Amino acid sequence: MTSFTSDLLRNLDQRGYIHQITNAEALDALAAKEIVPGYIGFDATAPSLHVGSLVQIMMLRRLQQAGHKPIIVMGGGTTKVGDPSGKDESRKMLSDADIEANIAGIRKVFERLLAFGDGPTDAVMVNNDEWLSTLGYIELLRDVGPHFTINRMLTFDSVKLRLEREQPLTFLEFNYMILQAYDFRELAERYDCRLQMGGSDQWGNIVNGMELARRMDGRELFGLTTPLLTTADGSKMGKTAAGAVWLNEDQLSNYDFWQFWRNTDDRDVGRFLRLFTDLPLDKIERLEKLEGAEINQAKIVLANAVTTLVRGADAAKTAEATASQTFAAGGSGADLPTLAIGAEGMRIGAALTALGFTASNGEAKRKLAEKAVRLDDVIVDDPGYLVTVAEGAEAKLSLGKKKHAILHR
């Protein structure tokens with residue numbers, strides 16, 4: 001760890017957020033003496049962000065906790081273009097109405113984790129469509145175009161990887177890095193924004209914005225990236241066999257969200273407690289030293305802390321109670337995912353797939369053959385089994401030890 005003087009960089013360093021910083025010494029000195037407005041951009045491609053974005057959201061929280069100003073930039077404009085970073089193909093085009101609805105959904109999680117308002121360190125959410133959609137094409141070519149070379153743009157990983165794989169990269173996507181660079185320059189003008197943060201895959205885009213502001217306005221801006229976040233088994237953070245771990249309750253139940261954190265690999269517990277909770281570092285050090293069955297207590301602390309931050313204290317309390325009832329007492333719990341079964345019933349494999357427990361009916365058949373499926377705690381292995389539920393009644397469907405749902409009519 002580096003010895004920083006500012007609360008901001010010292011805390012980010014101690015908690016494991018820092019991968020690269022441009023001119024760390026100057027940024028540290030600036031953050032130690034004045035309020036630094038900093039931003040992270042989020043594209044509005046879905047009505048919720050998922051766990052893979054949570055480290056970035058927590059960075060904005062750390063920024064505010066250290067007495068600085070978080071700026072959330074919703075990519076209403078750049079979403080119309082599509083970021084090629086880490087993508088193998090072009091994104092589908094969204095309508096303006098879809099983008100607006102997605103931004104409204106995404107705002108919910110920020111309102112839990114950040115304090116919004118008009119004060120010097122209050123968070124603000126802005127939409128880059130405000131300035132990008134009014135930018136004339138000739139104006140962009142004339143004023144911004146001379147500061148970018150095709151030679152350099154072709155060296156960026158987001159472009160290079162697509163070309164190496166001989167996958168199409170549209171001219172539309174190729175412009176994304178120019179628009180993101182312009183965002184940084186515009187935010188510096190409007191909000192005196194001095195810092196852009198993001199994942200390590202955004203390093204090239206961030207440096208682009210810094211150079212554009214320096215060349216056009218003579219401003220010194222800063223960039224900071226986080227390490228690529230993977231779990232101990234090497235998988236990408238926020239993705240599971242059942243799909244994305246969404247931050248909004250509309251997309252994922254509180255119980256499933258809580259259970260995701262409860263199922264953390266032993267090796268990840270300390271790291272996740274530092275990144276995703278506000279627990280003091282000395283307490284985290286004690287928790288991560290627990291071994292054997294005791295590490296499960298640290299996982300429950302992690303699940304409760306993250307769920308409280310993202311979903312609220314009631315959600316965490318109910319989810320923990322549901323887990324306790326489900327596992328310890330053999331009950332059904334009040335916060336499990338539910339599925340309505342019609343009077344005609346539903347094949348058990350179809351129910352597993354409808355709940356997202358299995359990705360396909362083929363996988364459901366395999367799980368049934370493995371005797372991993374239980375209905376009201378009784379093993380079912382017949383793929384043709386028809387689940388029926390009396391009106392007003394319910395049944396518990398389980399896959400393995402960790403996935404449970406309530407079937408009702």
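Guide: In this predicted model, Phe 184 has a relative accessible area of 0%, so this residue counts as buried.

Visitor: How is a pair of aromatic rings described?

Guide: Such a pair is described by two quantities, the distance of the centres and the angle of the planes. The structure holds seven aromatic pairs, and one of them joins Tyr 39 to Phe 184 in an edge-to-face arrangement, with 5.6 Å centre to centre and 65° between the planes.

Visitor: Which parts of the chain does this pair link?

Guide: The parts are distant ones, since Tyr 39 belongs to strand β2 (residues 37-42) while Phe 184 belongs to helix α10 (residues 176-191), and the two residues are 145 residues apart.

Visitor: Why does Tyr 39 count as buried?

Guide: Tyr 39 counts as buried because its relative accessibility is 2%, and the cut-off for that term is under 20%.

Visitor: What are the distance and the angle for the pair of Phe 260 and Trp 261?

Guide: For Phe 260 and Trp 261 the values are 5.1 Å centre to centre and 85° between the planes, which again is read as edge-to-face; both Phe 260 and Trp 261 are buried.

Visitor: Which residues do ring pairs link into a cluster?

Guide: The cluster consists of Phe 257, Phe 260, Trp 261, Phe 272 and Phe 276, linked through ring pairs.

Visitor: Which residue lies over the face of Phe 257?

Guide: Arg 311 lies over the face of Phe 257, at 4.6 Å from the ring centre, and elsewhere Arg 107 lies over the face of Phe 116, at 4.6 Å from the ring centre.

Definitions and conventions: Residues numbered from 1 in each chain as written. Predicted model: local features only at pLDDT ≥ 70, side-chain atom pairs only at ≥ 80, totals over all residues. Heavy atoms only, no water. Phe/Tyr/Trp six-rings, centres within 6.5 Å; stacked < 30°, edge-to-face > 60°. Helix = DSSP H or I, 4+ residues; strand = E, 2+ residues; numbered from the N terminus. Buried < 20%, exposed > 50% of the residue type's maximum accessible area, 1.4 Å probe, protein only. Lys NZ or Arg CZ within 6 Å of the ring centre and 35° of its normal.
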